[in-house]
Amino acid sequence: MTTTSGSSAAGGDTRPSAGDAPGEPADDATRLDVFLCGPIFLDIVFSGLPVAPRPGTEVWAEGMGSLPGGIANLAVATSRLGLRTGLAAGFGGDVYGQWCWQLLAEEGIDLRWSRRVREQHTSVTTSFSYGDDRSMVTHGHDLPLGYDELIGDPPATRAVITDLGGDRGQEQWWRRAAQGGAKVFADIGWDPTDAWDPAALQPLQQCHAFLPNQVEAMAYTRTEDPRAALTALADLVPVAVVTLGRRGAIAIDSTTGEEAAVPALDVAAIDPTGAGDVFAAGFASGTLWDLPLADRLAFAALCSALAVQQFGGSLAAPGTGDLEDWWQVTRRAAAQGDPAAQHLRERYAFLDGALPHRPPRVPRRAEAT
C-alpha cells in the first residue's frame, strides 16, 4: 500500500496549507495548544436498544448516528473547547475517509500531519448501546507506517494527549514533544491479554498526567480499590486521575499537594460513546487554563455529562457555546430557588472566568449524520 498526502477522490493534494483550517490560524510559527495522533474510524452508533442483539433476531434502535471516531473523539473535543488542535492520523482513501477529513477540517483541526491512504478503506466500528452498557464490532487495518514516521519532529505544542497501550508507549514523537516542554496527558486503555503488566506504566516517568478508569488503575497497580490505585499511581506521575464512572473521579496532583474528588453530574445519559475522551479533553483544557485540581476535575465531569446526553462520540462533544448555554440555564434556575441549581452555581462559579471567548465562531455540538 502507498500513502499520499491527503489526496481527494479526484486526485491531488488536499492537505491544508497554513491557515486553511477554519477557526484559529495555524502557520508554522504558531504553537498548538494540543497535538494528537491515532487511528480514525467511521463510527456507526445505534442507541436506545431494548436488549442486546442476539443471533437470529432483529432489534430496532431508537437512534442512530454516523460520525468520525477513534482519535477524532479527542480532536473534536479539544478543538470545541477553544484549544488550537493538531492531528496526525491516517485517513482511508474511500468516501468515508474523505468525509471524515472534511468534517474534522471544518471543526478547525489542523490536519497538516495527517495522510490519506489511497488503497486502504476506512476502519469502521459499529456500537450498540443498551441500558448502561454497550458492545462494539470493529473492522479495519493498521496504518502502513508508524506514527513516528508519519509525524517526524512533532510541532511545538503546549500539550499532548496520547495512549500508551500496546507499542504506543515506546513511540518517540510524544517523548520529543515532552522534551520540548509539552505536558503529556496519558491513557493506557484495556489490556486484551489480561496480563496488566506494571512495566507498561514505565513511560509515565515522562508524562504530566495519567487518566485511567478504575478497572484499569486497579489492574495495573494490583490494588483492591480505586483510592489505593490512585495513591500508587501518584508515586509514578505528577498528576494521577482515576475515573469512577457514575461515581465521578478522584485525583492527586503531587506538584501542588492537592487531592480532589468530584461526583458525576446527574443526567439522563443516552450514549456513553467517547465520554472518556471528552473527560480527558476537559481535564487537559482545565490544566492549560491553570485551574485548581478540583475545578479541573469538575470541568471534565461537566464536559462528559453534556456529551453523554447526545448521540455519538466526537460530534456529541460540547463546545464553549454549549457550556455557556448550560451555565446560563443553571444560573437562571438557581436564581429562581432551585436547590440543585444553586449547588451547581456555587460549584461551577469558576466558569465565569475560565471559558475562552473567541468570537465570532463559538463552537457548539453538531448532530451526528
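Is A300 buried or exposed?

A300 counts as buried, because its relative accessibility is 0% (buried means under 20% relative accessible area, exposed over 50% and partly exposed in between, with a 1.4 Å probe and protein chains only). This is a predicted model, in which local features need pLDDT of at least 70, side-chain atom pairs count only at pLDDT 80 or more, and totals for chains, interfaces and linings use all residues. Residues are numbered from 1 along each chain as its sequence is written, and side-chain values use heavy atoms, with hydrogens and water left out.

A300 sits in helix α8 (helices, H or I of at least four residues, and strands, E of at least two, are DSSP runs numbered from the N terminus). Leaving aside residues up to four places away in sequence, A300 touches F279, G282 and F283 (contact means heavy atoms within 4.5 Å). There's also A281, 19 residues away along the chain, with its C-alpha atom 7.3 Å from that of A300.

Move on to the loop between α8 (293-307) and α9 (320-335), and you'll find S314. S314 is buried too, at a relative accessible area of 1%. Its side chain reaches the backbone oxygen of P68 at 2.6 Å (a polar contact is a pair of N or O atoms within 3.5 Å; within protein, one must be able to donate a hydrogen and the other to accept it, and residues adjacent in sequence count only if both atoms are side-chain atoms).

## Aromatic pairs

Searching the whole structure turns up 11 aromatic pairs (rings of Phe, Tyr and Trp, the last by its six-membered ring, pair if their centres lie within 6.5 Å; planes under 30 degrees apart count as stacked, over 60 as edge-to-face and the rest as tilted). One of them is F35 with W173: the ring centres are 5.6 Å apart and the planes are at 80°, so this is an edge-to-face pair. It links distant parts of the chain, with F35 in strand β1 (residues 32-37) and W173 in helix α4 (residues 173-179), 138 residues apart. F35 counts as buried at 0% relative accessibility, and W173 is buried at 0% as well.

W196 and Y220 make another edge-to-face pair, at 5.0 Å centre to centre and 80° between the planes. W196 is in the loop between β10 (183-187) and β11 (209-210) and Y220 in helix α5 (residues 214-221), so the pair ties together parts 24 residues apart in sequence. Both W196 and Y220 are buried, W196 at 7% relative accessibility.

## Where α9 meets α10

The axes of α9 and helix α10 (residues 339-347) come within 7 Å and cross at roughly 125° (axes are lines fitted to C-alpha atoms, for helices over the stretch in contact, and angles run from 0 to 180 degrees between N-to-C directions). The two helices are therefore oblique to each other (angles under 35 degrees count as roughly parallel, over 145 as roughly antiparallel, 65 to 115 as roughly perpendicular and the rest as oblique).

On the α9 side, the contact is made by W326, W327, T330, R331, A333, A334 and A335, and α10 brings A341, Q342, L344 and R345. W326 and W327 also belong to one aromatic cluster with Y348 and F350.
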